[in-house]
Amino acid sequence: MATPTPTPRSLPTSMQIRSNSTSHVRVVVRVRPFLPSELESKDKGPVPCISVLNADSDPRSGEEITVHIKDQWTSRNECYKLDSFFSQENGLDSIFHGEVSNLISGVFKGSNATVFAYGATGSGKTYTMQGTDRQPGLIPLSMSRILSSCESSGSSIEIAYYEVYLDRCYDLLEPKAKEVMVLEDKDGQVQMKGLSRVTVRSMPEFSQIFASGVQRRKIAHTGLNDVSSRSHGVLSIIVSSGGAVGKLNLIDLAGNEDNRRTGNEGIRLLESAKINQSLFALSNVIYALNNNEPRIPYRESKLTRILQDSLGGTSRALMIACLNPMSYHEAVHTVSLAARSRHIANYVGPDAKQETPRVKVDMEAKLRAWLESKSKSKSVQVKNGHFSPISGRTASLSAKKPGSARPTSRVMIKDHGFAKGSGYRLLQAADTHAWYCFFPRL
């Protein structure tokens, strides 16, 4: 019989999904259990450096929780305000039922949602998203819930799976490596050009397709992790329900690495540099959004382009900050960035399209009006230009003057000779047959 898991520190469902168009990025913390090697290294048992201060408060009150991070070897400590806390005793199903399941209902109504795991290498991000056969992660739990809901609603499901490796996107559902282009449509939404989609009808079918994609993802051994993800993995679940199309993005971010500890060399060092660079770009985006800067640097990396809709966009977003209970510095770095993400506001729902109205411009009519105005001005010049010294002086700028090194214009001039009965010379521009100008005799 399965043992009951403790109740997570989270807000009630009524406060998580709101009817208005503003939704802040929700940030929760998951502290991974101790590894067997960590348990063997301590005689009296290791003590986690992360705890929650207001653990006795009522979670139904809707108040935020305070995460306390204390260095075991010094007196340094930090406190951060977050939305929810999942300790080492909480299972992955607690995170799903407390946080992710609330987002799935909106996907069937045409809304977009994003769940991404963030943290240092070895903090349990991939385990949180994929899990194991005995304890499924958020990806299989989400897919199982969506498939069961589709059976009753008659909706259809498609999935897409790709990775961001060395700041390039590759389709993981294709047997051969295929690069995918990250583009924007006319509405400013990020689109993946060339990304394949596969229809899924059952959980065994999904497990087979997803497992083949996981095997194609780049992994390697490092000094801190035997199986370290060398790329950011993104699984998109597209749900078509009637006329509404919603999407759930489940993102497993690669962890930032300290190369002094990992001992990376060669290609591992290059991978680590690209991973840290993309995560640094993510921190710059969060900083710019929190400070209301006019320019948000989404284009600094492929990762921030993909997360553009989740950070300051039109998608409900959930960030799961995965923490290593033994590392104070990594926990502070992860939680500090996650805490700043809570202040980012996304604009979701039907009101989001009303926020930025787009005026449709008839370019054909605009061009026609411009041509008509130009033709009228030309006809006035021709009508008033006969024997006019003003027009003669203006047009003479395009003719070659005596003693000049080169003409001031490259327009070809055709000489018609002198006008009969006048002292003016008649010239015509070769490319405009309707324009006639009169010049004084040279």
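This report walks through selected features of a predicted model.

## A three-stranded sheet

Start with an open sheet of 3 strands. Their order is β3-β4-β5, and the pairing is antiparallel. β3 (50–52) and β5 (77–82) stand at the edges. Each of these two has a single partner strand, so one side of each is left without a neighbour in the sheet. From one strand to the next, the twist averages 25 degrees.

Look at the pairing of β3 with β4 (residues 65–70). The two strands run antiparallel and are joined by 3 bridges. I50 has its bridge partner in β4, and that partner is I69. A helix also packs on this sheet: α10 touches β3, β4 and β5. The direction of α10 makes about 30 degrees with that of β5.

Helix α10 spans residues 328–341, and E330 lies in it. Is E330 buried or exposed? Its relative accessibility is 15%, so E330 counts as buried, the cut-off being under 20%. Which residues does E330 touch? Leaving aside residues up to four places away in sequence, E330 touches A120, T121, R261 and N324.

β15 and β16 form a hairpin with 2 residues between the strands. In that hairpin, G242 takes a positive phi near 70 degrees.

Most residues other than glycine have a negative phi. Two exceptions are found in the loop between β8 (156–165) and β9 (168–171): L166 and D167. L166 has a positive phi of about 55 degrees, although it is not a glycine. For D167, also not a glycine, the positive phi is about 65 degrees.

How accessible is L166? Its relative accessible area is 26%, so L166 is partly exposed. D167 is partly exposed too, with a value of 27%.

## Two helices that cross

Two packed helices are described by the angle between their axes and the distance between the axes. Take α5 (residues 138–153) and α6 (residues 203–216). Their axes come within 10 Å and cross at roughly 145 degrees. The crossing is right-handed.

Which residues meet where α5 and α6 touch? From α5 come I139, P140, M143, S144 and L147. From α6 come M203, F206 and F210. This contact has 7 nonpolar residues, 1 polar residue and no charged ones.

## Cysteines

How many disulfides does the structure hold? The number is 0. C79 has a relative accessible area of 42%, so C79 is partly exposed. C150 is at 8% relative accessibility, so C150 counts as buried.

Terms used: Residues numbered from 1 in each chain as written. Predicted model: local features only at pLDDT ≥ 70, side-chain atom pairs only at ≥ 80, totals over all residues. Heavy atoms only, no water. Axes fitted to C-alpha atoms, helices over the stretch in contact; angles between N-to-C directions. Helix = DSSP H or I, 4+ residues; strand = E, 2+ residues; numbered from the N terminus. Left-handed = near helix turned anticlockwise from the far one by under 90°. Contact = heavy atoms within 4.5 Å. Nonpolar A, V, L, I, M, F, W, Y, C, P; charged D, E, K, R; others polar. Disulfide = S-S within 2.5 Å. Buried < 20%, exposed > 50% of the residue type's maximum accessible area, 1.4 Å probe, protein only. Pairing = 2+ DSSP bridges.
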